Amino acid sequence: MTIRAALAAATKKLRRHSDSPRLDAEVLLSYILNQDRASLLIHGDRVLKQAVTRKLTTLILQRANKVPVPYLTGRCCFFGLELRVTPAALIPRPCTELLVEAILQRLPINSRLTIADIGTGSGAIALALAKHLPQATIIATDISSAALATAKKNAHQLRLADHISFLQCSLLKSYNLQPNALQPDFIIANLPYLRPEQLAEPSISHEPRLALAGGRDGLDHIRRLLRQAATFPTISLIALEIDPGQVRTTRDLLRRWSSTATVTTVSDGLAIRGLLACSGRINTCVPSPARR
């Protein structure tokens, strides 16, 4: 079977199971052959070995069963970084990149602040910040030892391990008990925020519930984080990813954290995807000109 024929057959099989059947087929075959997608198009008449077609068939069946492509290939791209991903952690989404960009727009490249990424998962946020803020202190926490193991592997692979401290704890709980723990200036968090009825969505059926379920209204973890954050007088800014329907309630929660907080939104142009609350405790909260 040629590359062209294999892609056509795989696309046909995925048509009822994926919103991007052709793209999925190309990415999976590229992964098997260790070639870029452009090469597949250029060499469409190339005949594939039977071992390759068998492997492709296996992956296509898994994809038809709603296993995400990044779990099948073991990698994904986030903020220009190629990350290792496993079912132990949530797959990083493009909307989370908006939160990272919002932080970077507020800090100079030579910032020496301490930033805590709460619920780091695969380490995507912490790694992106470490890459673009080389003089900042980055701390990544997660309750899952398996997720932290993935994040640490990513840090070593990207040669950023020396720039990040990894802590296993529930949000900020026990944070102060860590040896030589630095008090965080900024907090950024993509915590579980889905409501029970949203967990039935087939596209997320293979991702860890620990990284998705946010309680009755989706805000249980955010409430706990803000209660814990109130005991850290150094924290001047909190950035949260949320569901577009949680804006009003989350805004109220942030203002309880700091009655003087200025709350701004992070939008993808269609909906609000996150909120940033600046308490005004230190002047680094004042937005700096966008980085060029």
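The buried residues of helix H7 are Ala124, Ile125, Ala126, Leu127, Ala128, Leu129 and Ala130. Seven of the nine residues in this helix, which spans residues 124-132, are buried, so H7 is largely enclosed by the rest of the structure. The model described here is predicted. Its protein chain contains ten helices and nine strands.

- Ser122 lies in the loop that runs between strand S3 (114-118) and H7.
- Ser122 has a relative accessibility of 3%, so this residue counts as buried.
- Apart from neighbours within four places in sequence, Ser122 is in contact with Leu83, Arg84, Ala89, Leu90, Pro92, Leu127, Thr150, Ala151 and Asn154.
- One of these contacts, Leu127, is itself among the buried residues of H7.

**The chain as a whole**

- A compact globule of 292 residues would have a radius of gyration near 19 Å, and the 21 Å of the protein chain agrees with this.
- Along the principal axes, the C-alpha atoms fill a box of roughly 65 × 40 × 35 Å.
- Of the 292 residues in the chain, 49% are buried.
- Taking contacts between residues at least 6 apart in sequence, 64% join residues at least 24 apart.
- The accessible surface of the chain is about 14400 Å², and carbon and sulfur atoms account for 52% of that surface.

**Cysteines**

- A disulfide is a covalent bond between the sulfur atoms of two cysteines.
- The structure has zero disulfides.
- For Cys95, the closest cysteine sulfur is that of Cys76, at 12 Å, which is too far for a bond because a disulfide needs the two sulfur atoms within 2.5 Å.
- Cys95 is partly exposed, because its relative accessibility is 21% and the buried class ends under 20%.
- Cys278 is buried, with a relative accessible area of 14%.

**Leu48, between two helices**

- Leu48 sits in the loop between helix H3 (37-42) and helix H4 (50-64).
- Although Leu48 is in a loop, this residue counts as buried at 6% relative accessibility.
- Leaving out neighbours within four places in sequence, the contacts of Leu48 are Met1, Thr2, Ile3, Ala6, Leu29, Leu33 and Thr53.
- Leu48 and Glu201 are 153 residues apart in sequence, and their C-alpha atoms are 35 Å apart in space.

- Lys55 belongs to helix H4.
- At 38% relative accessibility, Lys55 is partly exposed.
- From Lys55 to Leu167 there are 112 residues in sequence and 38 Å in space, taken from C-alpha to C-alpha.
- Lys66 is found in the loop between H4 and helix H5 (69-73).
- The phi angle of Lys66 is near 75 degrees, a positive value in a residue that is not glycine.
- Lys66 counts as partly exposed, with a relative accessibility of 27%.

**Arg159, a second residue with positive phi**

- Arg159 is not a glycine, yet its phi is positive, at about 60 degrees.
- Arg159 is placed in the loop between helix H8 (145-157) and strand S5 (164-168).
- The relative accessible area of Arg159 is 76%, and this residue is exposed.

**Thr137, at strand S4**

- Thr137 is part of strand S4, which covers residues 137-142.
- With 26% relative accessibility, Thr137 is partly exposed.
- Thr137 and Arg112 are separated by 25 residues in sequence, while their C-alpha atoms are 6.6 Å apart in space.
- Not counting residues up to four places away in sequence, Thr137 touches Leu113, Thr114, Ile115 and Leu182.
- Among these contacts of Thr137, Thr114 and Ile115 fall within strand S3 (114-118).

Key: Residues are numbered from 1 along each chain as its sequence is written. This is a predicted model: local features need pLDDT of at least 70, side-chain atom pairs count only at pLDDT 80 or more; totals for chains, interfaces and linings use all residues. Side-chain values use heavy atoms; hydrogens and water are left out. Helices (H or I, at least four residues) and strands (E, at least two) are DSSP runs, numbered from the N terminus. The radius of gyration is taken over C-alpha atoms; the globule rule is 2.2 Å times the number of residues to the power 0.38. Buried means under 20% relative accessible area, exposed over 50%, partly exposed in between (1.4 Å probe, protein chains only). Contact means heavy atoms within 4.5 Å. Accessible areas come from the Shrake-Rupley method with a 1.4 Å probe; for residues, only the protein chains shown count as cover.
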